[in-house]
Amino acid sequence: MCVKNPRLWWPNGYGPQNLYRLHLSFPVAGAVSDARDVSFGIRKITYALPGSDNLALSVNGVPVVAKGGDWGLDEAMKRLRERDWTP
């Protein structure tokens, strides 16, 4: 599937957090074995600034300032369930 001209997700203060909804279902032998509805945003995160040796965080090609601590691409890609980290 290709999304042409997607409405991008932006960090707070940089633009709207546009979300899409996706419905997935898996038919097996004429019956749906599993189905899910998923919300997601489309964005591109990079850690390089063209023409520079410095590390720079960019979202959708726009340099952004990361506020707070413990941020990083590794953290963004994990699928942690709330029950796994909530006391």
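Colleague: Is L24 buried, partly exposed or exposed?

Modeller: This is a predicted model, where local features need pLDDT of at least 70, side-chain atom pairs count only at pLDDT 80 or more, and totals for chains, interfaces and linings use all residues. Residues are numbered from 1 along each chain as its sequence is written, and side-chain values use heavy atoms, without hydrogens and water. Buried means under 20% relative accessible area, exposed over 50%, and partly exposed in between (1.4 Å probe, protein chains only). L24 has a relative accessible area of 34%, so L24 is partly exposed.

Colleague: Which strand holds L24?

Modeller: Strands are DSSP runs of E, at least two residues, and helices are runs of H or I, at least four, numbered from the N terminus. By that count, L24 is found in strand β1.

Colleague: What is the relative accessible area of S58?

Modeller: S58 sits in strand β4, residues 55–59. S58 is buried, because its relative accessible area is 5%.

Colleague: Which residues does S58 touch, not counting residues up to four places away in sequence?

Modeller: Contact means heavy atoms within 4.5 Å. With residues up to four places away left out, S58 touches K44, I45, T46, A48, P63 and V64.

Colleague: What pattern does the protein chain follow along the sequence?

Modeller: The protein chain has two helices and five strands. Read along the sequence, the pattern is β-β-β-β-β-α-α.

Colleague: What percentage of the residues of the protein chain count as buried?

Modeller: The protein chain has 87 residues. The share that counts as buried is 10%.
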